[in-house]
Amino acid sequence: MNNKWRKWDDLLDLNALFKYSGFEPSRKESEFHSYKMGKDHAMVIQTEEGQRYYKASRPEHKLAAFDLVLEQLSKTEGSTKLGLWSKIDAFYTKLEEKGLFLLEQEKSDVLETKKKTYNHFEGMTATHSLLPYEVVNDDEGQFAGKVFADTKGRLVFPFYNLANTLTGYVVADGNGHSLLGESDISASVWFSNVPKSIEHLVVLRSPMEALAFHGRFQLRNAVYLAFLDINYDTAKILVRIHKTTKLSKMALSLTGRSKIEGYIHDLMLMSFLNDSKFLVRVGKDHLGIRFAPETDKALTNLFKEIKKFNNSLAQEYLGFNKMPDQSLLNQHSIVLTREKDMILCRLPFDVNALRYFLWSYYRNYMGKTIEIIKPVDVNWAKELERSGIYSGERAMEAFRMAV
């Protein structure tokens, strides 16, 4: 054995270790005990190989006592400047000398023995009395098993991580969302069923927006994907699903409480899709964007379009004033500068500037892989309520972002 501390994995009581590490007991069930620290949840189970635990965000990974010790001590500096492995060895030496947290001495409640594939989220539909919800005009069964209703009539959506493992449920509550039980969706997305023939991949800001989008256009052979957290992990899931569909383009239709918020969501997602080629920083009154110039043609076109926007902004100002206020114009203009091998952009929190830059960037840099679809209203739920089912042709083209 290359790790001398692993011998303790089946000797220590994980329940005692979690309490010692500062986790608060959350729930005690016959199948698992759950612990919470901040937003993180961990479930302790009994397997045929001994006690194991899993985190709510990754139920497929079953961990042992050493994993918990390693994670906690790597975050703790302590009173002495010991290296990581010295801290771990000192910890286990202390346990051995004092006989702490041993299963024989810590009479923890007996748990039912489960397979290492156990995931308590898979039993939540029964424990929370969730019933399958039939989506209107779901002729292809796109939403079968993907939408539930609770006892209060609220819609509930299952979320899955990159390993396609269920990590919990999101409850749509009024204009917001809440998590069911120990659910963790920080690295998970919701998606509809995959049809045999895929024609569209539509990415939205929430499952409720996906239902509204479907109600508005009733697309056939479509996969809908939605996430509440835009981050590196959820972007990776999007990329994997896009590759699975083998479509040349995916449609992004992110919305928010305002048009500005929707555009910012688009830019944030682009930063994760492009990884190190497109970075976004949120300032007090502007967005700072740093991106790779890539081809000379794309950069030249972008510069021309940004210059056109700034000139239009100045000309509109002179329509109301005899002399330009350059300081004011600079504050609301899009500024592009070059720094070594990167382009820096100062993008004001102005709805027209955000819309124009987003349109210019994706058209010149990502036009082969994405299409941006925007509602006339602030989001698809309000648009569906106001306008009903779309009766025109080529919905994706009719609502394609343009300036």
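Helices and strands in these legends are DSSP runs, numbered from the N terminus, and the structure shown is a predicted model.

**Figure 1. The largest pocket and the elements that line it.** Helix H5 (207-217) supplies the largest share of the lining of the largest pocket, contributing six residues. The space in this pocket amounts to about 1100 Å³, and its lining is made up of 43 residues, of which Asn175, Gly176, His177, Ser206 and Met208 are the closest to the centre. Two or more lining residues come from each of strand S3 (40-47), strand S10 (166-173), strand S11 (176-179), helix H5, helix H7 (259-273) and helix H11 (380-387). Sorted by class, the lining of the largest pocket comprises 14 nonpolar, 18 polar and eleven charged residues.

**Figure 2. Packing of helix H6 against helix H7.** Helix H6, which spans residues 232-245, packs with H7 at an angle of about 75 degrees, and the axes of the two helices lie 9 Å apart. Angles of 65 to 115 degrees count as roughly perpendicular, and H6 and H7 are therefore roughly perpendicular to each other. On the H6 side the contact is made by Tyr232, Ala235, Leu238 and Val239, while H7 brings Leu269, Phe272 and Leu273. In terms of class, seven nonpolar residues take part in the contact of H6 with H7, with no polar and no charged residues.

Figure 3. When the whole structure is searched, one cavity of 30 Å³ or more is found, and the volume of the largest cavity is about 50 Å³. Its lining includes Leu254, Thr255, Gly256, Ser258, Lys259, Gly262 and Tyr263, together with Lys374, Pro375, Asp377 and Val378. Four nonpolar, four polar and three charged residues make up this lining of the largest cavity.

**Figure 4. The aromatic pair of Phe217 and Phe399.** Among the 31 aromatic pairs held by the structure, this view shows the rings of Phe217 and Phe399, whose centres are 5.1 Å apart and whose planes stand at 70 degrees, so that the pair is edge-to-face.

Conventions. Residues numbered from 1 in each chain as written. Predicted model: local features only at pLDDT ≥ 70, side-chain atom pairs only at ≥ 80, totals over all residues. Heavy atoms only, no water. 1 Å grid on protein atoms, 1.4 Å probe; cavity = no way out; pocket = protein on both sides within 12 Å on 5 of 7 lines; lining within 4 Å. Points joined across faces, edges and corners; volume = space filled by probe spheres on them. Helix = DSSP H or I, 4+ residues; strand = E, 2+ residues; numbered from the N terminus. Nonpolar A, V, L, I, M, F, W, Y, C, P; charged D, E, K, R; others polar. Axes fitted to C-alpha atoms, helices over the stretch in contact; angles between N-to-C directions. Parallel < 35°, antiparallel > 145°, perpendicular 65-115°, else oblique. Contact = heavy atoms within 4.5 Å. Phe/Tyr/Trp six-rings, centres within 6.5 Å; stacked < 30°, edge-to-face > 60°.
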